[in-house]
Amino acid sequence: MPGGHGAAESIRHSLRPVAHTEDFAQHAARAVSVAARALGVPTSRLDGLPELVRMGERAVFRLGSDVIARVERSADRWEEADREVRAARWLAEKSLPVTRPLPGKQPVLAEDLVVTLWEAVQGEWTVPRELGRLLRALHHLTPPPSLGLPALGPFHRVAERIDTAPGLDTAQRDLLRTHHQDLAARWPTVTPVLGTHVIHGDANIGNVLATPQGVVLFDLDGICWGPPEWDLVLTALYRDLGWHSDTEYADFCDVYGFDVTSWDGYPLYKQVRELRMTTWPAQKGGESPEIDAEIARRIADLADPRRPRSWNPY
């Protein structure tokens, strides 16, 4: 894949509307309408059902042109949604350009689901260098204790995804479980060199947009305490996959001030990220032949870290 804006265009999670027939999507859409009314969103934006734009760990909807709604799959995720809203407000106070939740008491419990509403970010996809600038600023901030950031959970929800992903056969599920167990056992054997800081948790070029006012960082649901290496490894991995050019990656390292691939823990962190990048789309098995083929390709590749990857951005 070529570098530059074309790479970012392919890597991002698309915000174009998608078709989805799952019952949860319909339930979530009703919850969004209830939450929007509770927060006083003008009725002009509520004509018809909210527009589904993405379905993954949570559902994402658009209301009009300037509001985005996120719906968690379970009321048990209230604490995570609450922390994301509070973290976004704190970062905005610190002048870090992040997506902003709408005013009012959030999250909203609606239809027994947890909903948050955000100002939509209108912009263009940018380059790794801009992500590096944001991460350097983020990693140097000191959050208030009241924010209650958790420690990084590198395997958060991985076992759940493996157990519940539709369409996997027994051999695929067993391979993923064995790989998960092996990586979890090896995780404590490497020592980060950059200390412990506040980190984004899912820092990739798809979570940054360039606007007329500057770049904006979004999808803050993974914010936590952890090693900055965890945030840096995705850009290096995307370079290894051919999704970023060598020049783009060099610019990223130059801006941030560290090349994570020079650290001896990079191979393990890379494998953990690859596992997460496999189990996430596995939740969407059966949605299309292309997704199923990509899932099968990634699972087969995990068995051999040295095997060349021909993964498609997803």
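The legends below describe close-up views of a predicted model.

View 1. The five strands follow the order 1-2-3-5-4, and their pairing is antiparallel. Strand 1 (51-55) and strand 4 (108-110) are the edge strands, each of them pairing on one side only. From one strand to the next, the twist averages 30°. Helix 2 (residues 23-38) lies across strand 1, strand 2, strand 3, strand 4 and strand 5 (113-119). The helix runs at about 60° to strand 5.

**View 2. The hairpin of strand 2 and strand 3.** Strand 2 (residues 58-63) and strand 3 (residues 67-72) run antiparallel and are joined by six bridges. One of the bridge partners in strand 3 is Glu 72, which faces Arg 58 in this pairing. Three residues lie between the two strands of the hairpin. In the turn, Gly 64 has a positive phi of about 65°.

**View 3. Strand 3 and its two faces.** Six of the six residues of strand 3 are buried, so the strand is largely enclosed by the rest of the structure. In a regular strand, side chains alternate between the two faces of the sheet. On one side of strand 3 are Val 67, Ala 69 and Val 71, and on the other are Ile 68, Arg 70 and Glu 72. Both faces are covered, and all of these residues are buried. Arg 70 also lies over the face of Trp 118, at 4.8 Å from the ring centre.

**View 4. Strand 5 and the strands it pairs with.** Strand 5 is mostly covered, with six of its seven residues buried. Five bridges join strand 5 to strand 3, and the two run antiparallel. Within strand 5, Thr 116 is the bridge partner of Arg 70. Strand 5 also pairs with strand 4, in the antiparallel sense, over three bridges. Here Val 115 of strand 5 is the bridge partner of Val 108. Strand 4 and strand 5 form a hairpin with two residues between the strands. In that hairpin Glu 111 takes a positive phi near 55°.

**View 5. A stacked pair of rings, Trp 187 and Tyr 269.** The whole structure holds eight aromatic pairs. In one of them, Trp 187 and Tyr 269 are stacked, at 4.5 Å centre to centre and with 15° between the planes. The pair links distant parts of the chain, 82 residues apart. Trp 187 is in the loop between helix 6 (170-186) and strand 7 (197-199), while Tyr 269 is in helix 9 (residues 266-282). Both Trp 187 and Tyr 269 are buried.

**View 6. An edge-to-face pair, Trp 230 and Tyr 269.** The ring centres of Trp 230 and Tyr 269 are 5.8 Å apart and the planes stand at 75°, so this pair is edge-to-face. Trp 230 lies in helix 7 (residues 228-240) and Tyr 269 in helix 9, so the pair ties together parts that are 39 residues apart in sequence. Trp 230 and Tyr 269 are both buried. The charged end of Arg 273 sits over the ring of Trp 230, 3.9 Å from its centre. Ring pairs link Trp 230 and Tyr 269 with Phe 155, Trp 187 and Trp 263 into a cluster.

**View 7. Gln 213 in a loop.** Gln 213 is placed in the loop between strand 8 (208-211) and strand 9 (214-217). Is this residue buried or exposed? Its relative accessibility is 73%, and exposed means over 50%, so Gln 213 counts as exposed. Gln 213 and Gly 123 are 90 residues apart along the chain, and their C-alpha atoms are separated by 9.5 Å.

Technical notes
Residues numbered from 1 in each chain as written. Predicted model: local features only at pLDDT ≥ 70, side-chain atom pairs only at ≥ 80, totals over all residues. Heavy atoms only, no water. Helix = DSSP H or I, 4+ residues; strand = E, 2+ residues; numbered from the N terminus. Buried < 20%, exposed > 50% of the residue type's maximum accessible area, 1.4 Å probe, protein only. Pairing = 2+ DSSP bridges. Axes fitted to C-alpha atoms, helices over the stretch in contact; angles between N-to-C directions. Contact = heavy atoms within 4.5 Å. Phe/Tyr/Trp six-rings, centres within 6.5 Å; stacked < 30°, edge-to-face > 60°. Lys NZ or Arg CZ within 6 Å of the ring centre and 35° of its normal.
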